[in-house]
Amino acid sequence: MDKAREKVQKFRQREQRILDAALQLLLEHGEEKVTVEQIAESVDIGKGTIYKHFTSKVEIYMRLLFDYEQALADRLKESFKLAQSGDFAATARIYFESRIADPQRDRLFQRLEEKIISLNLAPDAIDELHAIRNSTKDTLNEMFEKRIEEGRLKRVPPYYYYAAYWALTQGAVELYHSRSFQPLVEDMEGVMNFIKDIGVHIGNLDSTRKL
């Protein structure tokens with residue numbers, strides 16, 4: 001590997017370390033208490049080095065949001081290959097596994113996005129984020145339409161399913177964080193898995209047939 005490529009690789013590796021450290025600090029302390037200095041200290045680099053990668057905390061937040069949404073979009077597109085091989089539940093399963101896998105992270109990202117939008121801190125970046133999300137919606141709707149035409153799902157407008165997916169995952173995250181509900185749940189992991197299973201089978205017209 002030549003020096004230029006090695007330099008780029010090290011730069012990207014350091015950037016990922018910054019993102020990983022920022023996410024961990026945000027989960028532990030919340031966005032109001034995390035500073036650029038704390039992130040730099042966690043990665044064992046100078047504050048100035050952070051600014052070689054990101055112009056501000058907001059840019060770090062947006063990168064975390066981008067990476068999360070893009071990873072989901074990429075996984076869903078890959079799931080179509082599994083569906084073509086007979087695993088018709090792959091797209092739904094991957095969606096629910098991704099969205100409910102880490103309720104704390106999901107709640108954090110909701111707060112970050114809402115704050116950035118309310119303060120109009122990065123309107124162009126938010127538009128890009130929503131474009132990725134719309135791509136995910138289109139991928140899911142394509143899957144819904146195909147399953148409907150195959151007679152596997154109840155015939156309703158495809159966006160009904162997308163809305164139901166969103167409602168289930170958002171509801172699961174709210175349930176996970178509900179102080180009033182938590183004492184009633186003996187097995188939260190089991191409940192999350194049960195919700196995933198419900199999501200995968202929404203609208204299935206033949207429970208005896210593999211989706």
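A salt bridge is a side-chain nitrogen of Lys or Arg within 4 Å of a carboxyl oxygen of Asp or Glu. Arg111 forms one with Glu31, and their closest N and O atoms are 3.0 Å apart.

This is a predicted model: local features need pLDDT of at least 70, side-chain atom pairs count only at pLDDT 80 or more, and totals for chains, interfaces and linings use all residues. Residues are numbered from 1 along each chain as its sequence is written, and side-chain values use heavy atoms, without hydrogens or water.

The protein is divided into domain 1 (1-54) and domain 2 (57-201). These bounds come from an automatic or database domain assignment. Contact means heavy atoms within 4.5 Å. Buried area is the accessible area (1.4 Å probe) that two parts lose on being put together, summed over both.

| Between domain 1 and domain 2 | Value |
|---|---|
| Distance of C-alpha centres | 27 Å |
| Buried area | about 1300 Å² |
| Salt bridges | three |

Carbon and sulfur atoms carry 68% of that buried area. Leu19, Glu31 and Phe54 supply 41% of the area that domain 1 buries against domain 2.

Now the interior. A nonpolar core is a set of buried Ala, Val, Leu, Ile, Met, Phe, Trp, Tyr and Cys residues joined through side-chain atoms within 4.5 Å. Buried means under 20% relative accessible area (1.4 Å probe, protein chains only). The largest core has 31 residues; Ile18, Ile39, Ile50, Ile60 and Met62 touch the most other members. Ile50 touches residues including Ile18, Ile39 and Ile60, not counting residues up to four places away in sequence.

Note on methods:
Buried < 20%, exposed > 50% of the residue type's maximum accessible area, 1.4 Å probe, protein only.
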